[in-house]
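Good morning, everyone, and thank you for coming.

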Amino acid sequence: MNYVFDASKPIAIGSDHAGFEYKEAIKNWLIGKGYNVKDFGAPSLDSVDYPDFAHPTASSVEKGESAFGILFCGSANGVAITANKHQQVRAGLAWQNDVASLIRLHNDANIICIPARFVALALAQQMIEIFMSTAFEGGRHATRVGKIACS
């Protein structure tokens, strides 16, 4: 795998209750592949508020403490909206492999947001592998990405 993120740093992962089972499965899958994972919760299937877990995950990425982030919730929209409030975060919602590739190629996304209620776990794993191994294309996309953050 052509790892495009800093493999010496942990992968930040978080979810709400709807994404809890996927978060746990993906965390264990990544650990089994030899990656260091920092779990920001949720801790169970009990109902929680997604910003309570999306913000710490995004902060870890924004501060450079984590290589990149993975967020799960039912639709992935809530966690994506929350994570994108952080100026140095580009959280992209992915529901198929081509989208997982494009959010890296064109948007230099550093957090992938996956809708646990709408994709199979095997597809989530494929999308994460694609996300991890796809480099930002730069060029005209770098100009566009440079215009995203508010100043």
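Let me begin with a cysteine. The sulfur of Cys113 has its closest cysteine sulfur in Cys73, at 7.7 Å, which is too far for a bond. For those new to the term, a disulfide is a covalent bond between the sulfur atoms of two cysteines, and here the search counts a pair of cysteine sulfur atoms within 2.5 Å. When the whole structure is searched in that way, zero disulfides are found. Cys113 counts as buried, at 0% relative accessibility, and Cys73 is also buried, at 4%, where buried means under 20% relative accessible area, exposed means over 50%, and partly exposed lies in between, using a 1.4 Å probe and protein chains only.

Before I go on, a word of care about what we are looking at. This is a predicted model, in which local features need pLDDT of at least 70 and side-chain atom pairs count only at pLDDT 80 or more, while totals for chains, interfaces and linings use all residues. Residues are numbered from 1 along each chain as its sequence is written, and side-chain values use heavy atoms, with hydrogens and water left out.

Now to the sheet. Which order do the five strands take in the open sheet? The order is S2-S1-S3-S5-S4, and the pairing is parallel. Helices (H or I, at least four residues) and strands (E, at least two) are DSSP runs numbered from the N terminus, and two strands pair if DSSP finds at least two bridges between them. Strand S2 (37-39) and strand S4 (91-93) stand at the edges with a single partner strand each, so one side of each has no neighbour in the sheet. From one strand to the next, the twist averages 20°, with axes being lines fitted to C-alpha atoms, for helices over the stretch in contact, and angles running from 0 to 180 degrees between N-to-C directions.

Within this sheet, strand S3 (residues 69-73) and strand S5 (residues 111-115) run parallel and are joined by five bridges, and the cysteine we started with, Cys113, is the bridge partner in S5 of Leu71. S1 and S2 also run parallel, with three bridges between them, and Ile13 stands opposite Asp39 in S2.

Helix H5 (residues 121-133) lies across S1, S3 and S5, and runs at about 165° to S5.

That brings me to the aromatic rings. The structure holds four aromatic pairs, where rings of Phe, Tyr and Trp (its six-membered ring) pair if their centres lie within 6.5 Å, and planes under 30 degrees apart count as stacked, over 60 as edge-to-face and the rest as tilted. Tyr22 and Phe72 form an edge-to-face pair, because their ring centres are 6.0 Å apart and their planes stand at 80°. Tyr22 belongs to helix H1 and Phe72 to strand S3, so this pair ties together parts that are 50 residues apart in sequence. Both of these residues, Tyr22 and Phe72, are buried. Not counting residues up to four places away in sequence, Phe72 touches a list of residues that includes Ile13, Gly14, Ile26, Val79, Ile114 and Ile128.

Elsewhere, ring pairs link Phe5, Phe68 and Phe131 into a cluster. Arg104 lies over the face of Phe131, 5.8 Å from the ring centre, and the rule for this asks that NZ of Lys or CZ of Arg be within 6 Å of the ring centre and within 35 degrees of the ring normal.

I will finish with the backbone in the loops. The peptide bond from Gly41 to Ala42 is cis, with omega near 15°, and Ala42 sits in the loop between S2 and helix H2 (51-62). Ala76, in the loop between S3 and helix H3 (77-83), has a phi near 70°, a positive value in a residue other than glycine, and Ala76 is buried, with a relative accessible area of 0%. Asp108 is not a glycine either, yet its phi is positive, at about 50°, and Asp108 is found in the loop between helix H4 (97-105) and S5.

Notes: Contact = heavy atoms within 4.5 Å.
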